[in-house]
Amino acid sequence: MTAYRRPADIAALVEDDRVHRDLYLSDELFALEQQHFFANTWSYLGHASQVPAAGDYLAVEIAGRPLLMVRQGDGGIRVLYNRCAHKGSKLVSDECGSSGKFFRCPYHAWTYRLDGTPLSIPLKSGYEGTRLKDCESGRGMVALRHVAVYRDFVFVKIGDAGPDFESYFGAALRAIDNLVDRSPVGRLRIDGGVLRNIIHCNWKMYLENINDTVHPVSTHESAAQAANALWQGQPAEAPKPMAMEQILPFGESYDFFDRMGARVYPNGHSMLGINFSIHSGYAQMPDYEQALAAAHGVERAAEILQRSPQNSVCFPSLALKGSPQAFRVIRPLAADRTLIEAWSLRVEGAPELLFERSMSYNRLAFSPMSVVAHDDVHLFEGMQQGLRGEGNDWISLHRGFDPAERAAPILDVNGTNEILMRNQFRAWVEFMTMSMPE
């Protein structure tokens with residue numbers, strides 16, 4: 001039985017100021033997202049620093065498709081389907097590594113160059129007079145057509161529909177610029193491993209929370225109160241330990257989060273904290289700031305350092321923090337299961353303290369054992385269960401709704417406005433239905 005085969009049926013799930021609960025619960029919608037939504041949008045795949053040498057690869061699954069990001073001999077990056085052209089075996093099973101100069105299928109030993117073209121087949125004598133060279137199997141591994149490397153962040157679009165990379169992200173790419181430009185030499189590097197957390201909730205629920213500033217006051221009340229109790233009685237000028245510097249702001253008031261401001265961009269992208277954020281109060285480092293001014297000029301350096309957005313969402317899969325230099329990747333697994341990856345970035349040419357901040361923040365806020373994430377996870381999983389309750393099919397996104405908001409492609413609003421979520425769901429409808437037959 002199918003309920004959502006027509007674009008109109010799907011569009012009806014997203015109203016101007018509320019969305020239907022099936023968006024979080026329906027297995028059918030999740031299957032359609034795999035087929036349509038993620039094929040039409042640009043998803044984050046990996047960082048170029050994860051494949052530094054020729055033959056290095058990173059294996060990632062996006063929307064059910066196994067993909068390989070591979071460093072080429074000429075230094076470029078190519079993304080291939082992790083699938084042997086013969087029987088379909090995965091060429092590599094590790095999540096990362098080096099293939100050397102070629103890929104070799106573990107099943108029948110067909111081999112491929114780093115760009116996926118065929119290299120050799122064992123028992124060649126059996127193929128005379130067959131159609132092998134003329135069909136897909138004879139052409140080798142399939143490369144994705146839509147791959148973009150933006151300042152070492154690698155994105156892919158699986159299908160041919162949907163906008164090109166620049167049109168899709170537009171001004172939202174300034175969030176990546178702000179992150180990379182924190183390096184005096186303009187380079188970041190993944191370091192320190194990854195924190196992975198599988199949460200039993202829909203991926204859109206997690207993404208909404210990244211843009212939600214109303215919840216910290218209540219959801220993280222206990223963590224903030226514990227930090228405050230530990231810090232109570234300290235002189236105002238006392239330097240804060242790193243953990244205090246990062247946890248105490250979670251206890252800020254509704255007014256603080258409202259005044260931090262937010263911005264929405266076309267296609268679901270957003271920036272939370274355009275005025276300031278919980279990351280704005282970290283201790284200054286004069287030597288680093290001078291190095292940044294020497295690299296970028298005084299005005300640009302000040303702009304980079306003064307902008308510490310709480311979260312910048314490159315819809316639908318990437319959430320960035322300029323300071324501390326960290327990001328999360330949202331990888332949907334099922335309608336009610338989502339893998340969250342939290343990565344730390346080393347800022348080349350900057351003091352070690354910046355990397356320590358990144359590692360510390362990820363452990364404190366996003367680790368499965370953190371003092372912050374477990375609050376969110378408990379509520380996400382409760383919401384996923386609670387939505388099965390009957391009597392109300394809708395989720396409220398009314399806060400700050402203005403009928404005129406749909407006419408403004410880029411809009412600055414107060415920090416607690418739910419337009420950031422409405423903006424995501426409007427984009428979800430657009431890209432979900434873009435390639436569906438009427």
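Which helix gives the most to the lining of the largest cavity? Hello everyone, let's start there. The answer is helix 15, with 4 residues. Please keep in mind that we are looking at a predicted model.

As a reminder, rolling a probe the size of a water molecule over the atoms shows where empty space is left. In this structure there are 4 cavities of 30 Å³ or more, and the largest cavity has a volume of about 290 Å³. Its lining consists of 26 residues, and those nearest the centre are Asn 209, His 215, Arg 328, Phe 366 and Asp 376. Helix 15 covers residues 373–386, and among the other elements that each supply at least two lining residues are strand 12, helix 7 (203–210) and helix 14 (352–365).

Helix 8 (215–219) is also one of those contributors, and Ser 218 lies in helix 8. Ser 218 is partly exposed, at 45% relative accessible area. If you look for Phe 250, which is 32 residues away from Ser 218 along the chain, you will find their C-alpha atoms 9.9 Å apart.

Now to the open spaces. The largest pocket has a volume of about 690 Å³. It is lined by 35 residues, and Ala 59, Val 60, Glu 61, Arg 331 and Glu 341 are the closest to its centre. Which strand gives the most to this lining? That is strand 3, with 5 residues. Helix 3 (27–40), strand 17 (326–334) and strand 18 (337–347) are among the elements that each bring at least two residues to the pocket lining.

Three strands form an open sheet in the order 2-11-10, with antiparallel pairing. Strand 2 (43–47) and strand 10 (146–150) are the edges, each pairing on one side only. On average, neighbouring strands here are turned by 25° against each other, ignoring direction.

Most residues other than glycine have a negative phi, and most peptide bonds are trans. Arg 151, though, has a positive phi of about 50°, and Asp 152 has a positive phi near 80°. Both are partly exposed: Arg 151 has a relative accessible area of 30%, while Asp 152 is at 29%.

What about the peptide bonds? The one from Phe 315 to Pro 316 is cis, with omega near 10°, and Pro 316 sits in the loop between strand 15 and strand 16. The bond from Ser 323 to Pro 324 is also cis, with omega near 0°. Pro 324 belongs to the loop between strand 16 and strand 17.

Finally, some aromatic rings. The whole structure has 22 aromatic pairs. Tyr 168 and Phe 169 make one of them, edge-to-face, with 4.7 Å between centres and 80° between planes. Are these two residues buried or exposed? Both are buried. They also belong to a cluster linked by ring pairs, whose members include Trp 42, Tyr 150, Phe 327 and Phe 431.

Two arginines also meet rings. Arg 18 lies over the face of Trp 394, 4.0 Å from the ring centre, and the charged end of Arg 346 sits over the ring of Phe 355, 4.0 Å from its centre.

Methods. Residues numbered from 1 in each chain as written. Predicted model: local features only at pLDDT ≥ 70, side-chain atom pairs only at ≥ 80, totals over all residues. Heavy atoms only, no water. Pairing = 2+ DSSP bridges. Axes fitted to C-alpha atoms, helices over the stretch in contact; angles between N-to-C directions. Phe/Tyr/Trp six-rings, centres within 6.5 Å; stacked < 30°, edge-to-face > 60°. Buried < 20%, exposed > 50% of the residue type's maximum accessible area, 1.4 Å probe, protein only. Lys NZ or Arg CZ within 6 Å of the ring centre and 35° of its normal. 1 Å grid on protein atoms, 1.4 Å probe; cavity = no way out; pocket = protein on both sides within 12 Å on 5 of 7 lines; lining within 4 Å. Points joined across faces, edges and corners; volume = space filled by probe spheres on them.
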